[in-house]
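This report describes how the parts of one protein model are arranged. Please keep the sequence and the structure in view while reading.

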Amino acid sequence: MPENTDRILRAELSGSMVRVMLIDNTNMAAEAMSIHEMSHVAAAASGRIMAATSMISAMLKESGSSVTVTFSGNGPIGKIQCVGAEGYCRIAMDNPAAELPLRSNGKLPVSDAVGKTGKLSVVKDIGLKTPYIGQCELVSGEIAEDFAMYFTVSEQQPSLVALGVLVAENCVIKSGGIIVQPLPGCPDGVIEQLELRSQLFSQISRELAEYSLEELLENSFRGLEPKVLGTQPVGYRCGCTRERMERALVSLGRKELDEMIAERKDIDMACHFCRRLCHFTPSELQKLREYAVKKEDSESKG
Ligand SMILES: [Zn+2]
């Protein structure tokens, strides 16, 4: 793996009237592509989703918080789930090998692969008893427009979102994005300026291949007093443990575990997000079955 240069840059414009986040998540997107052996179009969709999820998770101030983003579209990729915590992400999808022909303009048909109808859900766990759940219908399956709609509908926060991934020869050349959010009280003149400049981000992955995050900020928002507030490293991280796999097995329930034990064979469970294998013997499965029985009994007692 090449050195991880992924990072998020936070900035503000017009004396804190506008919040800006920029991300370069090229390594993250490349690692996801290689772990899941993705097609080009799946890598493009996943790089975009991870860029946004990473930025949303970095907006959460409570330590230990996380965000789970799910795209349930009607395209051949199927359900896509991405989890982000402090900028670090993991992703999984039903069909990462889904392949579609390029559009006539040479672009990857991301919206066809994700699906133009379906739902986007964003679940934020900030350590409270119940997580914050936001949901909206997909606008186009192009990902950035869908996140923009989510921010407007679920968070009442109008946002400019641009996301892009450059894929060639089975590798991610560049992946990144930007979220621009005018805060309450932002003058109309500034909002007009932001709308004018939104076109600058229509090819953001190409821009990022040429310029650093700082240069892109400076070039795009000249005259709006761009000010860097800080940067943070981000990347692909699963963080799965044997305990998490055990919990997943227990949650399968007694019936399913009985079937596995009856086969009297060792099993290898693969993590959904990083494909790491965890080995279980029949006697270990038997122990987990006992937990599952206890859990089911206590649940049935209410
Ligand atoms: Zn894992």
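## Basis and domain layout

Domain bounds are taken from an automatic or database domain assignment. The model is a predicted one, in which local features need pLDDT of at least 70 and side-chain atom pairs count only at pLDDT 80 or more, while totals for chains, interfaces and linings use all residues. Residue numbers start from 1 along each chain as its sequence is written.

The protein is divided into domain 1 (7-236) and domain 2 (242-300). Taken over C-alpha atoms, the centres of domain 1 and domain 2 are 35 Å apart. Two residues are in contact if their C-beta atoms, placed from the backbone, lie within 7 Å. By this criterion, 4 residues of domain 1 are in contact with 4 residues of domain 2. Strand β5 (residues 88-93) supplies the largest share of the side of domain 1 that touches domain 2, namely 3 residues. By class, the residues of that side of domain 1 are 3 nonpolar, no polar and 1 charged. Here Ala, Val, Leu, Ile, Met, Phe, Trp, Tyr, Cys and Pro count as nonpolar, Asp, Glu, Lys and Arg as charged, and the others, Gly among them, as polar. Helices (H or I, at least four residues) and strands (E, at least two) are DSSP runs, numbered from the N terminus.

## The five-stranded sheet

Strands of a sheet pair through backbone hydrogen bonds, either parallel or antiparallel. Two strands are taken as paired if DSSP finds at least two bridges between them. An open sheet is formed by 5 strands in the order β8-β9-β2-β1-β10, with antiparallel pairing. At its edges stand β8 (160-168) and β10 (227-233); each has a single partner strand, so one side of each is left without a neighbour in the sheet. From one strand to the next, the twist averages 10 degrees.

Strand β1 (residues 7-13) runs antiparallel to β10 and is joined to β10 by 6 bridges. Within this pair, Arg10 stands opposite Gly230 in β10.

## The six-stranded sheet

A further open sheet has 6 strands in the order β7-β6-β3-β4-β5-β11, and its pairing is mixed. The edge strands are β7 (132-137) and β11 (235-236), each of which pairs on one side only. Strand β6 (residues 118-125) and β7 run antiparallel and are joined by 6 bridges. The bridge partner of Val122 in β7 is Gly134.

Axes are lines fitted to C-alpha atoms, for helices over the stretch in contact, and angles run from 0 to 180 degrees between N-to-C directions. Helix α2 (residues 40-59) lies across β1, β2 (18-24), β8, β9 (171-182) and β10, at about 140 degrees to β8. Helix α2 also lies across β3 (66-73), β4 (79-85), β5 and β6, at about 35 degrees to β4.

Helix α1 (residues 26-36) packs on α2 at an angle of about 135 degrees, with the two axes 9 Å apart. This makes α1 oblique to α2; angles under 35 degrees count as roughly parallel, over 145 as roughly antiparallel, 65 to 115 as roughly perpendicular and the rest as oblique. The contact joins Met28, Ala29, Ala32 and Met33 of α1 with Ala43, Ser46, Gly47 and Met50 of α2. These residues divide into 6 nonpolar, 2 polar and no charged.

Helix α8 (residues 242-252) and helix α10 (residues 282-300) have axes that come within 8 Å and cross at roughly 55 degrees. That makes α8 oblique to α10. On α8, Glu246, Leu249 and Val250 meet Leu288, Tyr291, Ala292 and Lys295 of α10. The contact has 5 nonpolar, no polar and 2 charged residues.

Helix α9 (residues 254-262) packs against α10 at about 165 degrees, with the axes 9 Å apart. The two helices α9 and α10 are therefore roughly antiparallel to each other. The residues of α9 that meet α10 are Arg254, Leu257, Asp258, Met260 and Ile261. The contact of α9 with α10 comprises 8 nonpolar, 1 polar and 4 charged residues.

## The β12-β13 hairpin

Strand β12 (residues 267-270) and strand β13 (residues 277-280) pair in the antiparallel sense over 4 bridges. Met269 stands opposite Cys278 in β13. The hairpin has 6 residues between the strands, and Arg275 there takes a positive phi near 65 degrees.
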